[in-house]
Amino acid sequence: MSFTFNGVAQIIVYFLLLLLITKPLGLYLTAVFSGRRTWLSPVLRPVERVLYKVSGVDEHKEQDWKIYAVAMLSFTAATVLLLYAIERLQDVLPLNPADMGKVDPLLAFNTAVSFSTNTNWQNYAGETTMSYLTQMAGLAFHNFASAAVGVALAVAVIRGLTRRSGRALGNFWVDLTRCFLYILLPICFVYALFLVWQGAPQNFNAYTHVMGIQGFAQTIAQGPVASQEAIKLFGTNGGGFFNANSAHPFENPTPFSNLVEMLSIFALGAALIYMFGKMAGNTKQGWALFGAVSVLFLLSAFVALGAEQAGNPAFARLGVNQTATEWSLAQPGGNMEGKELRFGIASSTLFATITTDASCGAINSWHDSYTPIGGMAPLVNIGLGEVVFGGVGSGLYGLIVFAILAVFIAGLMVGRTPEYLGKKIEQYEMKMAALAILILPLSILGFSALGVVLKPGVTAIANPGPHGLSEVLYAFTSMTGNNGSAFAGLGTTTIGTASFAFYNWTGAFAMLIGRFAFVVPVMALAGSLVRKKVAPVGPGTFPTATPLFSGLLIGVIVIVGALTFFPAYALGPIVEHLLMLAGKSF
Amino acid sequence: MRHTTPSTAATTATTTPEGEESAQVESGRGAVLRQLRPAILLTLLLTLIAGVLYPLATTGAAQALFPSQANGSLVYANGKLVGSRLIGQYWTQPQYFHGRPSATLNLQGTPTPYEADNSGGSNLGPTNSALIQTVQQRIDELKKENPDVPAGTPIPVDLVTASASGLDPDISVAAAYYQIPRIAKARGLSQEAVRQLVDAHITGRFLGLFGEPRVNVLELNLALDELGHS
């Protein structure tokens, strides 16, 4: 572990900036989902009305949890079909100056699932596979849609916990539309222009052919990059316009754009936690959750920074200087394989932590080339369920499930029926919470076991030794967790190979399980909670707006994650770290 | 919350800004089918808004406000298009500063550095002997290209490791300094003159804090050519 003053300061200042935006954005979200007027209402309200009228939505009707879930599933199914059709027809559709052919059917299916589940795992390179129309009307639209679905679900779960009694969780179509119109679109429009200012292209030009000074020809990929980049991060999607994702200078041109990209990944997750407290009638309930995940975030950020800044001992033996020259301008030092110079170590590892704490999965450096411990930090983050601010919406409802588990454990300790926000947590709720929590490791460990046993799974492994296990484990952790980042050496992209078929099929199922097999029990939980009367606070009530509760919550998240995955991590990154220190290579 | 009495807790609950559910609640089998129409129509309408109108509006505004960046930050020298300020290029001649190693492949899958339509990194893991051998080769080449660098000069790590995008436009200040003896010799300039030019092209951290100090290789090389002309 090695730390620079600058690296530590980057983490701390970033966190302070996040704190600064949490409340204003949280208040705005609260206004939007409470149906109150906002300053954008004069412009957007008429558009909203037209959308409801044409699509036959009665905004004054609400839905019970089953209908809410059915609406969400039918919307997702429709968007998957539309994306699949666009991918398969892109060769005859407009806006295809690079003459991309049809997307392979299995790849098109996997990509449609990947983008609709907010995963954005990409078994393709954007600039060599997708037309501009597919990128913007197919993929970028899904970035909006899957984010809005996540937010809508979180709002519904919050209503389940905070309404005094009733049956309904809200109207899915209204929550969805309002998220699109009032939150995602206006913020992304401004954000995209900021990215263009920093250097991200926004055009429909053909790729530019350049002859360099030395006579080397270069074909520079172009496209409507900034508009997709904005929602890619703000919606915690992570699917890059280009293969190199946010490491590509066109997606993330400067340290300033990198800072804003990092803030935008956590922005909605943090604001939703604030909104949760606001809707619960006590913002301290939100800050208690915020405090717990902040501790987990900072821990992981420091581990990743320390490991990467220390560098690779094998490079040191070759005489490479990996020491950061802290007080002069000279060099960032550390393990720079797979990292961009403008980001160095600190802005890369911080991004890696954030993108895996949230279910974003955008990358600005290749996690596969991280040192074992540096690469384990993102892997653990995803394995913990991406509840550290988390994906937009999914982070919050995941966190609420853990909070319910925490009050249940506290209830067992004092021997009382546990309550959360005055709602009694009983057998049915615990069944649903446990079901949701257990489904994820089942998919991660089950598919990983298949991956390291079956031949097509193994042949895809790019790096020998324990790192190979980490690649497969990371893949299924990421896909099940709907993250989308990868130890990207894993060869899943060559069309026609057995590995391509294996990872595209298993991956699609892992992503579907990670999203929907998790969401449906959570919706059932919310549907059950909303019917319960709020019990008055009594002397035996375990207070959930305190640091004590935050600590208990951290314990539950870490213990569930650690007990489940520690054996697998021990065989992958941990043993690789020890062997690296012993001077071994494979 | 711990010390509030039951009655105040109840008051807090009634002031939730969310409000309670409206009178009509959709449930049951009939309601399932009624979700079909909004599913299809909202998919199409929202695709039109977020998938078509939004990128078009962004493009219009971006082209009006920041035309250079919106079209890829292209750089011209003597009226000729020579590249993009943001996209690194492959340099081999001794009189130019060289960028970082690039692990990009061309569209046929052959390693070709700085392929700007197929970005990517090596994805080699830290204990992969292929990575360690590659770094060793890069060190050997670097030393061969820069024979005038005094023995024992530390090798900046960014000069022997592949970038993430394969298109990294920048090198560290140390990496630029490392190449000064070679450039000065090839161009018949004093090392001090080249060093001054490097120093004039350093971009600092954002707010003195975020990212890393760096030198844009294309801009530095164009300035070198300018220096030669004047």
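**View 1. A three-stranded sheet built from chains A and B.** Three strands are arranged as an open sheet of mixed pairing, in the order β2(A)-β1(A)-β1(B). Strands here are DSSP runs (E, at least two residues), helices are DSSP runs (H or I, at least four residues), and both are numbered from the N terminus; two strands pair if DSSP finds at least two bridges between them. The edges are formed by β2 (168–170) of chain A and β1 (25–26) of chain B, each of which has a single partner strand, so one side of each is left without a neighbour in the sheet. Strand β1 (residues 62–64) of chain A and β1(B) run parallel and are joined by two bridges. A:Glu62 has B:Val25 as its bridge partner in β1(B).

The model shown in these views is predicted: local features need pLDDT of at least 70 and side-chain atom pairs count only at pLDDT 80 or more, whereas totals for chains, interfaces and linings use all residues. Residues are numbered from 1 along each chain as its sequence is written, chains are lettered from A and ligands numbered from 1 in the order in which they are written, and side-chain values use heavy atoms, with hydrogens and water left out.

**View 2. The interface of chain B and chain A.** Chain A provides 142 residues and chain B 122 residues to the contact (heavy atoms within 4.5 Å). The two chains bury about 11,000 Å² between them, 64% of it on carbon and sulfur atoms; buried area is the accessible area (1.4 Å probe) that two parts lose on being put together, summed over both. Across this interface, 51 residue pairs are in polar contact, both residues being at pLDDT 80 or more. A polar contact is a pair of N or O atoms within 3.5 Å; within protein, one must be able to donate a hydrogen and the other to accept it, and residues adjacent in sequence count only if both atoms are side-chain atoms. On the side of chain B that touches chain A, helix α3 (residues 36–65) of chain B gives the most, with 23 residues.

View 3. One salt bridge is found across the interface of chain B and chain A (a side-chain nitrogen of Lys or Arg within 4 Å of a carboxyl oxygen of Asp or Glu). This salt bridge joins the side chains of B:Arg138 and A:Glu337, at 3.5 Å from N to O. Strand β5 (residues 320–321) of chain A also pairs in the parallel sense with strand β4 (residues 155–156) of chain B, over two bridges. Within β4(B), B:Pro156 is the bridge partner of A:Asn321.

**View 4. A salt bridge between two helices of chain A.** Over all chains, the count comes to 21 salt bridges. In one of them, A:Arg159 meets A:Asp175, with the closest N and O atoms 2.9 Å apart. The pair links distant parts of the chain, 16 residues apart: A:Arg159 lies in helix α6 (residues 132–162) and A:Asp175 in helix α7 (residues 172–198), both of chain A.

**View 5. An antiparallel sheet in chain B.** Three strands of chain B form an open sheet with antiparallel pairing, in the order β5-β7-β6. Strand β6(B) is joined by two bridges to strand β7 (residues 214–216) of chain B. B:Val215 in β7(B) stands opposite B:Ile202.
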